[in-house]
Structures are given as structure tokens and as C-alpha cells.
Amino acid sequence: MKKRESWGSHLGFIMAAAGSAIGLGNIWKFPYIAGENGGAAFVFIYLICIAVIGLPVLMAEILMGRATQRNPVGAFRALNNSKFWVGVGGLGVIAGFLILSYYSVVAGWALGYVVEAVKGSFYQYTTPQMAGEHFNQLVGTPAWILGYHFLFSAITMGVVYAGVKGGIELGSKIMMPVLFGILIILVIRGVTLPGSSKGLAFLWVADWSKISGNSVLVALGHAFFTLSLGMGAMMTYGSYMSSKDNIPNSSLQIVALDTIIALLAGIAIFTAVFSAGLDPAVGPGLIFQTLPVVFAKMPGGYIFSILFFILLFLAALSSAISLLEVIVAYFVDEREWPRHKAVLTMGTVVFLIGVPSALSYNLMSNVHFFGLNFFDTVDYLAANILLPLGGLLISIFVAWIWGSDRAIRAVKTGASRWFKEHHQISEGWLTVLKYLAPVMIFIVFLYSIGVIKL
Ligand code: TRP
């Protein structure tokens with residue numbers, strides 16, 4: 001058998017994993033859910049969820065990958081060859097197909113909006129309603145939405161085709177610094193706009209009256225989504241690590257980068273939105289409907305609008321490649337397909353599954369399942385059901401099935417001396433995985449499928 005690929009450097013792994021975590025969730029979703037849930041108070045709860053649940057589960061996933069050097073299916077099989085647990089790995093691969101199929105559609109919008117920004121389309125808008133109408137007109141055009149879905153899928157396939165080191169790692173090492181640089185430029189533009197302090201106050205001054213049980217569950221659910229947990233993406237990236245790598249430190253770095261980028265995106269967006277006197281709490285339309293109007297009014301808005309949508313595109317691309325890699329790793333490891341065959345075949349399959357999602361905004365807008373269009377159905381199934389279920393089962397598996405002693409020994413391998421000597425830390429980690437994470441994730445799960453209402 002051919003030798004399995006691995007990362008070329010520690011930095012390469014961090015950039016790739018941070019690239020997976022940093023995505024539409026950070027730039028598009030985090031700002032608007034923070035906007036809807038009272039700003040700073042929500043951010044505070046979110047940070048606690050990230051630290052207490054997100055970080056330990058992230059460590060567990062990376063650990064399973066590194067210990068087995070396999071894709072999610074192979075990882076479960078190597079540690080416990082029962083049908084049930086191998087099936088859990090299989091669910092991860094299926095979630096990869098589903099999430100990538102519609103993620104690529106939205107990422108296609110980002111690409112299409114780079115083109116709109118370059119064309120200067122945003123200058124026609126004077127109100128978010130006008131921007132909204134133009135948005136609806138674009139996504140209502142099958143050729144537009146399918147074209148960019150196709151283009152984005154092809155770019156994703158291109159990166160993954162080039163391999164773990166030569167494609168994913170190299171691509172991430174270029175994309176992440178560019179993404180960071182663009183974001184810093186946008187933050188500086190935002191905070192130097194007149195009236196930006198209102199935007200900062202919105203993010204940093206807590207309004208506890210807006211916090212409800214609901215906000216807590218939204219925060220926890222998002223902590224999960226933003227770290228790419230619950231479907232074996234981080235497991236797959238972990239499988240290209242060696243036993244010399246330090247998992248606790250790496251996980252901490254990934255979490256820190258993901259959080260910093262989400263907060264910076266919040267600053268860049270809210271300073272601009274407040275400065276333009278627009279509503280910060282409009283929900284999902286914030287980026288495609290409010291922001292273009294903000295750019296139309298802002299000095300230098302032409303350049304900043306182009307930079308913003310390039311930022312969104314890069315964030316989406318570095319996440320999409322990790323989703324495709326889960327699927328590819330499965331076909332390469334388990335079915336012994338050559339990499340190029342796995343990428344081309346499965347990339348095409350994902351594109352095709354995404355077609356009805358793209359058509360949900362036009363030709364298929366009348367097709368509904370339980371009241372949701374195709375796009376929303378797939379999103380619901382993957383993000384609200386498969387991911388929490390996956391995260392729950394991964395925590396249980398590592399803490400209870402794989403076993404305390406083995407998990408602790410594995411997490412200490414390659415860790416710092418300080419981590420190894422302070423047993424309370426690794427034991428605390430295991431306790432979270434044993435009790436707190438499963439219980440909390442289960443509650444979020446019940447909430448997100450509508451069994452619990454708050
Ligand atoms: N973390 C990504 C974001 O913030 C989205 C995501 C969720 C994801 N699960 C994933 C990405 C699995 C890659 C793999 O946008």
C-alpha cells in the first residue's frame with residue numbers, strides 16, 4: 001500500500017484546521033446571531049461554551065484521528081470494530097456530502113458577489129430593500145446560482161486534488177494570512193468611520209435582558225458548528241498528524257484563531273452597519289442585503305466591498321476543502337481508490353446533490369419537505385441533527401468506549417511537560433467528555449429539533 005500522506009509542518013496543520021473552523025459561520029453567522037441576541041452578553045456566553053465544551057470535543061476528535069491515522073469510518077473501526085460505531089463514522093462521511101453540497105451553494109454567492117462588487121453593482125442601492133431585491137433576483141436566476149455553485153465546487157476539487165501537503169496545506173498557508181490581512185484592513189476601515197463607537201458598544205456592552213435559555217443554546221450550537229465538530233472533519237485532519245504533535249496546544253491555537261476571527265468580523269461589520277445607521281439585528285440577510293448598502297455609502301466602499309467578499313470566499317473555501325477531504329479520505333483509506341479518482345467522482349456527486357439546493361431559490365421554490373425547501377431541509381438535517389448527534393457520540397466514544405486510561409495516555413502523547421505533569425487537566429478534560437459534553441449537547445439537540453422550547 002502507498003504511504004499515507006501527512007502534514008509538512010505543525011504550522012501547516014494549524015492553518016488547515018483553523019481554515020476549516022473559520023468559515024461562513026464566523027463571517028456570516030456569528031455576527032448576525034450576536035446581533036440578534038444582545039451583543040456582548042451573548043459573546044460572553046459563547047466564549048464560555050467554546051472553552052468548556054468546544055475545546056474538549058475538538059481535542060477528542062483530533063486525538064481519534066491521530067491515534068488511528070484514518071478517516072472517520074476507519075478511525076472508529078480501528079478502535080472498536082462494532083457495526084454501531086463504524087456506522088457513526090459513516091454518518092460523519094454522509095454529513096460531509098450533505099453539508100458541502102449546500103455550503104458550496106452559499107460560497108458560490110460569495111464568489112458571485114465578488115463579481116458584483118467589481119462591477120460596482122452596490123452603488124445602485126440606497127436601501128437594504130433594494131439590495132434585498134437584487135439578491136433575490138440573482139439567486140432567482142438558475143444559471144447564476146448554478147454557475148457559481150459549479151465554479152466553487154471546481155475550485156474546491158482543485159485544491160483537494162493537489163493532495164494534503166501540496167493542496168490543502170499549501171492552500172491554507174496562503175489563504176489564512178490573506179484572510180487575516182483583509183480582515184484587519186476592514187476592521188481599521190470600520191473603526192475609523194464616524195459613529196463606529198456605537199458598533200463597538202453594541203458588541204462590548206452587555207445587554208443581559210436579551211439573554212434567555214434560547215441564547216445559551218444558540219451559543220452552544222454555534223460553538224460546535226464554528227469549530228467544525230461532530231462529523232469527523234477535525235478527525236480527518238488529525239489523522240495526518242504524528243505522535244510528536246502536541247494536541248492540547250494545537251487545539252487551543254485553533255480555538256483561539258477561530259474566536260479572534262469571529263470577533264474581528266463582528267467588529268468590522270457592526271462598526272460599518274452602525275455608522276451607516278442601519279439595523280444590526282436583521283438576521284441572515286445582514287451580509288448580502290445590509291452590507292452592500294453600507295459599502296455604497298462608505299468612502300472607499302468600492303475597494304472594501306471587493307475585499308469583503310473575497311474574505312468571505314476564502315473563509316468558505318478553506319472550510320469546504322476540509323469537508324471534501326473527509327469524503328476523499330474515506331474512499332482512499334477504506335476503498336483504496338486513488339486520490340484523483342476519489343476527488344473527481346465524489347466532488348461531482350457533491351455538486352449534483354447541491355443542485356436541488358441551488359434550485360430551491362428558483363425552479364424548485366415550490367418543493368417543500370415538512371415546510372422547508374430542499375436547501376433548508378439539508379441544512380436542518382446536517383447542522384441540527386447529524387452534527388450534534390455526531391458530537392455527542394464522539395464524546396461518549398472517547399470517554400466511555402475507547403476508555404479513560406487509553407484516552408488519557410493518548411492525549412498526553414506529544415503534549416507539553418506541564419500538561420503531562422498536571423493530571424487534573426487531562427482528567428478534567430475526560431470528565432467533560434464523560435458527563436458535561438454529552439448532557440449539554442443532548443439538550444441542544446432536543447432544542448434544535450424542537451422538542452424543548454425556551
Ligand atoms: N466551521 C465552519 C464554519 O464556521 C462550518 C462547518 C461546520 C464545517 N462543520 C464543518 C466546515 C465541518 C468543515 C467541516 O463556517
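I started with Phe 309 and looked up its contacts (heavy atoms within 4.5 Å), skipping neighbours within four places in sequence: Ala 110, Tyr 113, Val 114, Phe 122, Ile 287, Phe 288 and Phe 295. A note on the source: this is a predicted model, where local features need pLDDT of at least 70, side-chain atom pairs count only at pLDDT 80 or more, and totals for chains, interfaces and linings use all residues. Residues are numbered from 1 along each chain as its sequence is written, and side-chain values use heavy atoms, with hydrogens and water left out.

Next, the core. I took a nonpolar core as buried Ala, Val, Leu, Ile, Met, Phe, Trp, Tyr and Cys residues joined through side-chain atoms within 4.5 Å, with buried meaning under 20% relative accessible area (1.4 Å probe, protein chains only). The largest one has 173 residues, and Phe 308, Phe 309 and Trp 429 have the most contacts inside it.

Then I turned to α1, residues 10–21. I found 10 of its 12 residues buried, so the helix is largely enclosed by the rest of the structure. Among them are Phe 13, Met 15, Ser 20 and Ala 21.

Last, the ligand. Ala 21, Leu 24, Gly 25, Tyr 103 and Phe 225 come nearest of the 15 residues around it (a heavy atom within 4 Å). I noted a polar side-chain atom of Ser 228 at 3.0 Å from a ligand nitrogen, and one of Asn 26 at 3.3 Å from a ligand oxygen. A polar backbone atom of Ser 20 is 3.4 Å from a ligand nitrogen.

Notes: Helix = DSSP H or I, 4+ residues; strand = E, 2+ residues; numbered from the N terminus. Expected span 1.5 Å × (residues − 1). Buried < 20%, exposed > 50% of the residue type's maximum accessible area, 1.4 Å probe, protein only. Polar contact = N/O pair within 3.5 Å; in protein donor to acceptor, adjacent residues only side chain to side chain.
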